[in-house]
Each structure stands twice: as C-alpha cells, then as structure tokens.
Amino acid sequence: MYLSELLRGVTYHVDDFDRFFSMLDYDITSITDRLSDIVPGTLFFAVKGENFDSTRFCKEAEICGAAVIVSERELNLSSALNIITPNIRQTIALSARNFYNTARSDMKFIGVTGTNGKTTTAFAIFDILRKFGKNTALIGTVENRINDDFYESEYTTPTAISLHKFLDTAIKRKCEYCVMEASSHALSQDRLYGIRFALGIFTNITMEHTDYHKTMQDYKISKLKLFSLSDRTLANMDSAEGKVFWRYPGVKTFSTKQAMADYYCEKIVFSSKLKAYGNTESTLKTKKEEYKFELAMIGEYNLSNCLAAFAAADILGVPPEISLSALKSFTGVSGRMEQIHNNLGINIIIDYAHTPDAVENLLLTVRRFTEKNMILVFGCGGDRDKTKRPVMGKIACEYADFIIVTSDNPRNENAEAIINDIVSGMSGNSYRTIVNRYRAIRYAIREAKKGDTVIISGKGHEKKQIVSNRIVKLSDKDIILEVLREINDEI
C-alpha cells in the first residue's frame, strides 16, 4: 500500500518535507509495532509505553529494514523517514484500518465490556447469531472464531494491527457480524479507535486492574468509551457501581432484580443438582412480551449474562424464538463454570474467577448444588493488584469448607509471598498452602469425598503458567483429567 493511502485520516507532521513528498508513492510492505516483525519496507510504530519504550530501538529498526518510523516525538534517524503524530495509539488504529481496508465492509460490531461476564455474554451472542444463520466472527479472551473455525487469542482484545488483520480475514469470509470483548486496557489504549459499534454492552463493574487504573473513576471512564463508540447501548441495572452506564442517554437495560428494566427476569429457580439442561428457569419479560427462559447454565451471574445476550439479539432483530432455543442449549465457555464429569460422585468445576466479586458469586452459586463439602483451590496473579489478595482470602474462608491456596501466574513476584498476602486475610485452620499448582489440584481431588465439590479457580481456560520471564505449560483441565485417570486405574 502506498504511504499516502496508509496515512489517510491520520494527524501528523514531518520535518523533512522533500523526503516525505518523494515517499508518498512508496509501497509499504507491512506495518508493525514489534521490532521482531520488521522486514524491508516496513512502517514501524515506535511506542513509548509504561513498561517498554521502543523509541530507544529505532537504530535497530532501521537496520532491520524499516522504511518509515512513526513516533510521538522527533527521532534522530539516519535512513528511515520519521513521521510525528500527536497520538500514536490512534494513529496505529487508523493506519491498520487503512492497511487492511476493513472499512470496505458493512459488518456490524457488537462490543461487550465489564469486569466479569464479557466472555460468556460474547459467546452466547455469537451462538445466537450462528443459530440465526449469520456468518459471525468472535474476538475474546478464550479464543477468536470465524464461524466454526478457531484462532488463538493472545489478548482479551487484540492490538489494533492484529485486530484489523483478523477483521480482514472475517470480511473475506463474508461475516455479517463481529462480537468482541472490549477490555478496559484496549479502550484506554485506543485499540478500537475508528471502529463504530452497532451495539455496546455493559455487564458489570467492580474494581480491578489497579496496577493500571489508579482509581475506580479512571476504570469507569475507560469502559464508558465503548458507549461513546456505539450507535446503541445496553447495560446491566444490577451493577451497583454501574449507574453511569445504565443512565446513559438512550440506553436499554436488563436486570434480574429491577422490574423497570427493558429486559427483566423474575420467578427464578435454580436446580439443586447439576443437569445437562434446565439448570436455571425463569420468566423473561420485555416491555411487550413474556417468555419462558430456560438455561443449561448455572448461577445468577450466568442468568444475567444470558439475559444480556437475549436483549442484544432482540435489539439486533433476531427473532425471540431463535434466541430462546439457542440459550436453552448453550452450555457456556471453556473454563467458565466448566463441569468435569467423573465416576467418583464428586462435582469438579473449573472457573476463571479471579476477582473478589467473581469468587464470591462463584462460591454462592456452587453452594446450591453441593451436598457436602466445598473445596476451593485458588491463588492470585503476580505483578497485579495486591490489595485484592487478603480480600479474596477472607471471602474464601466465609464460603468454602476447605481451601488450598496455590500459585497462579506469579510472574516476577515470589509465589510464596503472594500466597502469604492471601493468607493474611484468612482465619481459622480450614486451609493449607501448596505452592505447586499441579500438586494443589491433585491433593484437592484425592481428598474429596462423594458429595463434595472441588472448585479450581483463577486460570480457567489458560494452558500456561507465567513464572518470572518463563512460560510453563500448565492446564488445570489436563491436570484434573490426569488425576482422575490415576484414581480410576487404582480402583
């Protein structure tokens, strides 16, 4: 693509005008913000982030073949053209849109933001749209999808370049819709800049990512960006901190508690035993109609997520009978309240809950169908919010019968120190610490008795553990299945 086409709509200036004008018809072979991806003819975005400043490596970028380097300050370059922009993040997003020509499509975007529930809500909407016969793309934490094809997910919301590259593929596959999880980081960093959403959805908000968002107000402002990018909006009235969302001008609302919501569930009944279908039943009311709402999913928060999916589909024009049928058979997402079936007479649940609010909701839900003891295995991530650790320890003690505190992506922190932070909020002696996550899970399953429930929380679908700068292969599900095979061989 010609440099002139790539910069369409971008705000910038240059100091070397003669060089710039001579390069307007230069054919840019690729764009990237990663040094390792530079090839001859690349336009490189030199970003000064919180943890890494790639403007310090522009000489290396030139050596690798970068023809143009875009930055927020003037750089002393020897061969590459330097283009200066006031907002590098927005420039990356617009340039990526131009490079992959994703504006050529009238694909409808549905964005989902919130502290918890983004993944399940997005997957449920995707499932409804597929049942409706629509070619649909999905972008999120667990995986990216185009119809029935799966693609690896690196972030909850990809970088702008990766995002538009994926959207280009989706457009070629004739996708009419794209359902996307919108993280606060992505919104704050303008990764979604230049995209107009047909519908923006808010699930809930509790304080998270305090290592990045220093105040709740900053966190809310980041998430509220999605609504400013959306033609229509939908918000959860049950989120205590979410008033700014469900009072947004023109917003539609959903609730399992507030009858004045546009979409409201009442007469809610949760099954006392896990079943393949019909674990949750309720009456769903809109301003015009009333429906029997049956779900395979478990828990009030999943009822809320599925209600959001129904409301979103209704706003988008999907017939209610399609949505109701799809949600009745929707069993959820890998690593989200995922049941591991076994012949030991115990319930084994894998979940991604890693915030105080999510862990409390998880334990309250699981208690409903636990006949005897509830055993929880969990930890907290390193290089992340330290204040939530004792809070989560306290919540675990309040609801679980026995707790095993273990490691969960310690990153550059000492795993034992993280565990000690968690334990500082705990009381009594109904817990033990096992640093090695494999051993912790193995211990929990082997100690469980018939009628007990074992919950492995925190990592969900993840298949790796981050320790220092190393990535270690580790899957909670694989460990559970291995232990179950061992036990069955011994019987």
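**View 1. Helix 6 gives the largest share of the lining of the second largest pocket, five residues.** The model is predicted: local features need pLDDT of at least 70, side-chain atom pairs count only at pLDDT 80 or more, and totals for chains, interfaces and linings use all residues. Residues are numbered from 1 along each chain as its sequence is written, and side-chain values use heavy atoms, leaving out hydrogens and water. Helices (H or I, at least four residues) and strands (E, at least two) are DSSP runs, numbered from the N terminus. A pocket is an open set of points on a 1 Å grid over the protein atoms alone, where a 1.4 Å probe fits, with protein on both sides within 12 Å along at least five of seven lines; lining residues have an atom within 4 Å of a point. The lining here counts 20 residues, with Thr159, Ile161, Ser162, Lys165 and Phe166 nearest the pocket centre. Strand 1 (30-32) and helix 6 (160-172) each give two or more residues.

**View 2. Gly242 sits in the loop between strand 11 (230-236) and helix 9 (243-246).** Gly242 touches Phe202 and Ile205 (heavy atoms within 4.5 Å), not counting residues up to four places away in sequence. Leu224 is 18 residues from Gly242 in sequence and 9.9 Å away in space, C-alpha to C-alpha.

**View 3. Helix 10 (residues 300-315) is largely enclosed by the rest of the structure, because 13 of its 16 residues are buried.** Just after helix 10, Gly317 takes a positive phi of about 95 degrees.

Technical notes. Buried < 20%, exposed > 50% of the residue type's maximum accessible area, 1.4 Å probe, protein only.
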